[in-house]
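Here is a short report on one protein model. It is written for a reader who has not seen this structure before.

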Amino acid sequence: MNQVKPVEGPEVLETREIAIAGMGCDNCVRKLERALRAKEGVKDVRVDGIAGRATVTFDRTRTSIPELHEVIAKSGYRAGAVEVAAK
């Protein structure tokens, strides 16, 4: 008997800037980028340690801002305000 795979809908990508507190060095930036990239649904990540911001592009059908905040917290940092990223 053949199994039918469920059809996945189209990706719904959003890009948001998330304020991050607690980063002190380039290793912090790399650590947080790795953690966010590993989250299912995350397509692109750019962390700016000097500005204290992460720009994250993600599929909102597979993850959410609260889940991204959780990844940030588990990495040892504090997530703050979220804004729509400038294009």
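The model is a predicted one.

**The core**

The largest nonpolar core holds 17 residues. Ile20, Met23, Leu32, Leu36 and Val56 have the most contacts inside it. Five elements each supply at least two residues of this core: strand E1 (13–21), helix H1 (26–38), strand E2 (42–48), strand E3 (53–59) and helix H2 (65–74). H1 gives the largest share, four residues.

Take Leu32, one of the residues with the most contacts inside the core. Residues up to four places away in sequence are not counted here. Leu32 then touches Ile20, Met23, Val47, Ile72, Ser75 and Tyr77.

**Charged pairs**

Side chains of opposite charge can pair when their charged atoms come close. How many salt bridges does a search of the whole structure find? The search finds ten.

| Salt bridge | Closest N to O distance |
|---|---|
| Lys43 and Glu11 | 2.7 Å |
| Glu14 and Arg16 | 3.1 Å |

Lys43 and Glu11 form a salt bridge. This pair links distant parts of the chain, 32 residues apart. Lys43 sits in strand E2, while Glu11 belongs to the segment before E1. Is Lys43 buried, partly exposed or exposed? Lys43 has 40% relative accessibility, so it counts as partly exposed. Glu11 also counts as partly exposed, because its relative accessibility is 46%.

**A network around Glu14**

Glu14, Arg16 and Arg60 are linked in a network of salt bridges. Glu14 lies in strand E1 and Arg60 in the loop between E3 and H2, so their pair ties together parts that are 46 residues apart in sequence.

Why does Glu14 count as buried? Its relative accessibility is 15%, and the cut-off for buried is under 20%. Arg16 is buried too.

Arg16 lies in strand E1. Its side chain and that of Glu14 are joined by a polar contact of 3.1 Å. Beyond its neighbours within four places in sequence, Arg16 is in contact with Ala54, Thr55, Val56, Phe58, Ile65, Val82, Glu83, Val84 and Ala85. Val56, in that list, is also one of the residues with the most contacts inside the largest nonpolar core.

How values were computed
Residues are numbered from 1 along each chain as its sequence is written. This is a predicted model: local features need pLDDT of at least 70, side-chain atom pairs count only at pLDDT 80 or more; totals for chains, interfaces and linings use all residues. Side-chain values use heavy atoms; hydrogens and water are left out. A nonpolar core is a set of buried Ala, Val, Leu, Ile, Met, Phe, Trp, Tyr and Cys residues joined through side-chain atoms within 4.5 Å. Buried means under 20% relative accessible area, exposed over 50%, partly exposed in between (1.4 Å probe, protein chains only). Contact means heavy atoms within 4.5 Å. A polar contact is a pair of N or O atoms within 3.5 Å; within protein, one must be able to donate a hydrogen and the other to accept it, and residues adjacent in sequence count only if both atoms are side-chain atoms. A salt bridge is a side-chain nitrogen of Lys or Arg within 4 Å of a carboxyl oxygen of Asp or Glu.
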